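Trainee: I would like to learn how to read a protein model. Could we go through one together, step by step?

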Amino acid sequence: MSRIEKDDMYMNITKAIAERSYCIRKKVGCIIVRDNMIISDGYNGTPTGFENICEDEENNTKAYVLHAEANALTKLAKSTQSSIGSTLYVTMSPCYECSKLIIQTGITKVIFDERYRITDGLDLLKKSGIEVVQLSKE
């Protein structure tokens with residue numbers, strides 16, 4: 001009997017979390033793991049108190065929609081957990097802005113599934129010394 005690898009297990013959880021998103025164009029999920037424990041999760045969506053509509057009438061993402069990584073990091077900031085030395089799993093590679101936040105948190109590894117068409121976020125993570133791994137074989 002084969003056993004699922006931990007990275008695949010965590011990515012499956014991340015994909016399930018993405019399904020919580022109200023966004024139509026793209027659902028993205030994220031978890032942060034430290035010492036084999038999920039310490040935070042997030043998905044892309046509107047800020048607390050806003051309507052759960054991510055796109056405008058032209059199907060463009062509204063400017064105030066938060067990315068999954070930002071939601072997971074801000075949720076973590078409200079907790080007693082530390083992200084130092086942790087791994088961030090995300091269904092789509094981080095953008096430049098989220099990568100800046102990831103760098104500041106002490107996360108040491110980012111594992112993603114799908115590569116976003118703009119890769120400047122990945123370049124920034126690598127430049128900062130964060131290990132970056134793509135699980136899918138695109």
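Trainee: What percentage of the 138 residues is buried?
Mentor: This is a predicted model, where local features need pLDDT of at least 70, side-chain atom pairs count only at pLDDT 80 or more, and totals for chains, interfaces and linings use all residues. Residues are numbered from 1 along each chain as its sequence is written, and side-chain values use heavy atoms, without hydrogens and water. Buried means under 20% relative accessible area, exposed over 50%, and partly exposed in between, with a 1.4 Å probe and protein chains only. By that rule, the buried share of the 138 residues is 41%.

Trainee: What is the radius of gyration of the protein?
Mentor: The radius of gyration is taken over C-alpha atoms, and the globule rule is 2.2 Å times the number of residues to the power 0.38. With 138 residues, a compact globule would come out near 14 Å. The protein agrees with this, at 15 Å.

Trainee: What is the order of the strands in the open sheet?
Mentor: Strands of a sheet pair through backbone hydrogen bonds, either parallel or antiparallel. Here two strands pair if DSSP finds at least two bridges between them. The five strands form an open sheet with mixed pairing, in the order β2-β1-β3-β4-β5.

Trainee: Which strands stand at the edges?
Mentor: An edge strand here has a single partner strand, so one side of it is left without a neighbour in the sheet.

Trainee: How many bridges join β1 to β2?
Mentor: Strand β1 covers residues 29–34 and runs antiparallel to β2. The number of bridges between β1 and β2 is six.

Trainee: Which residue of β3 is the bridge partner of Ile32?
Mentor: Strand β1 is also joined to β3, antiparallel, by four bridges. In β3, the partner of Ile32 is Leu88.

Trainee: How many of the six residues of β1 are buried?
Mentor: In a regular strand the side chains alternate between the two faces of the sheet. On one side of β1, Gly29, Ile31 and Val33 are buried, and on the other Cys30, Ile32 and Arg34 are buried too. Strand β1 is therefore largely enclosed by the rest of the structure, and its buried count is six of six.

Trainee: At what angle does α2 run to β2?
Mentor: Axes are lines fitted to C-alpha atoms, for helices over the stretch in contact, and angles run from 0 to 180 degrees between N-to-C directions. Contact means heavy atoms within 4.5 Å. Helix α2 (residues 68–77) lies across β1, β2 and β3 (87–92). Its angle to β2 is about 130 degrees.

Trainee: What is the phi of Asn36?
Mentor: Most residues other than glycine have a negative phi, and most peptide bonds are trans. Asn36 sits in the loop between β1 and β2. Asn36 is not a glycine, yet its phi is positive, near 60 degrees.

Trainee: Is Asn59 buried, partly exposed or exposed?
Mentor: Asn59 lies in the loop between β2 and α2, with a positive phi of about 70 degrees. Its relative accessibility is 40%, so Asn59 counts as partly exposed.

Trainee: What distance separates the C-alpha atoms of Thr108 and Gly85?
Mentor: Thr108 is in the loop between α3 (96–105) and β4. Among its contacts beyond four places in sequence are Gly85 and Ser86. Thr108 and Gly85 are 23 residues apart along the chain, but their C-alpha atoms are separated by 5.3 Å.

How values were computed
Helices (H or I, at least four residues) and strands (E, at least two) are DSSP runs, numbered from the N terminus.
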